[in-house]
Amino acid sequence: MEPSVTDLRHFQDGDLPEGFRQMLIDVHADAYADQMDDPFHQRFAWFVDHWTSREGFSCVVAYDADEPVGFAYGAPLASGREWWRSTGYEPNNGYTSTYAVSEVMVRPRWRKQGISERLHEALLKERTEDLAALLVDVTHPKVQALYESWGYAKVGDQQPFADSPVYAVMVKDLRS
């Protein structure tokens with residue numbers, strides 16, 4: 001029987017249930033099971049702590065019954081610290097407030113059902129920022145093409161950590 005995701009649950013800073021952190025870590029471990037020997041992926045718990053502690057953190061989790069199957073999360077970026085600043089990108093009319101989409105992932109058993117797009121749309125639906133920004137590993141052109149189909153444009157490349165991949169910096173206008 002095909003898995004079916006019917007429930008999207010919203011979470012935000014200051015209102016995270018017990019076990020939330022571990023749930024994110026467990027979904028990541030399943031989604032990246034074939035890459036967990038990579039030290040960068042092994043630091044995912046640090047990224048969870050970093051993002052969940054940020055003011056404005058928000059997360060949408062997809063569930064199949066009570067089983068978490070994927071999530072999308074992020075937080076607003078501080079003025080002057082937006083990921084696109086290192087590129088030649090110039091926002092329209094000076095609209096620069098930016099929401100960082102840090103993670104969008106779905107466990108393998110539930111992939112190819114449109115869940116990642118539903119998560120992404122639900123995450124951004126209530127945002128008041130001018131722009132959304134995300135980073136995509138440049139060795140994953142299919143993922144970059146997926147985000148382009150969702151309205152993002154590549155504006156440059158960056159490598160935020162010495163041991164991280166080089167990422168395409170992608171931006172989407174939320175005002176239109």
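Trainee: Before we dig in, what are the ground rules?
Mentor: This is a predicted model, so local features need pLDDT of at least 70 and side-chain atom pairs count only at pLDDT 80 or more, while totals for chains, interfaces and linings use all residues. Residues are numbered from 1 along each chain as its sequence is written, and side-chain values use heavy atoms, with hydrogens and water left out.

Trainee: Which residues touch the most other members of the largest nonpolar core?
Mentor: F20, L24, W51, C59, V61, F71 and Y73, out of 30 residues in that core. A nonpolar core here is a set of buried Ala, Val, Leu, Ile, Met, Phe, Trp, Tyr and Cys residues joined through side-chain atoms within 4.5 Å. Buried means under 20% relative accessible area, exposed over 50%, and partly exposed in between, with a 1.4 Å probe and protein chains only.

Trainee: And which helix or strand gives the most to this core?
Mentor: That's α1, with 6 residues. Helices (H or I, at least four residues) and strands (E, at least two) are DSSP runs, numbered from the N terminus.

Trainee: What is C59 in contact with, leaving aside its neighbours within four places in sequence?
Mentor: Its partners include F20, L24, F71 and Y73, where contact means heavy atoms within 4.5 Å.

Trainee: Switching to salt bridges, how many are there?
Mentor: The count comes to 10, taking a salt bridge as a side-chain nitrogen of Lys or Arg within 4 Å of a carboxyl oxygen of Asp or Glu.

Trainee: Which parts of the chain does the R107 and D30 pair link?
Mentor: R107 is in the loop between β4 and α4 and D30 is in helix α1, 77 residues apart. Their side chains meet at 2.6 Å, N to O.

Trainee: Is R107 buried or exposed?
Mentor: R107 counts as buried, at 15% relative accessibility, whereas D30 is partly exposed at 28%.

Trainee: What about E129?
Mentor: E129 forms a salt bridge with R127, with the closest N and O atoms 2.8 Å apart. E129 is buried, with a relative accessible area of 9%, and R127 is partly exposed at 22%.

Trainee: Nice. Which residues do shared partners join into one network?
Mentor: D7, R9 and D66. Within it, R9 pairs with D7 at 2.6 Å between the closest N and O atoms.
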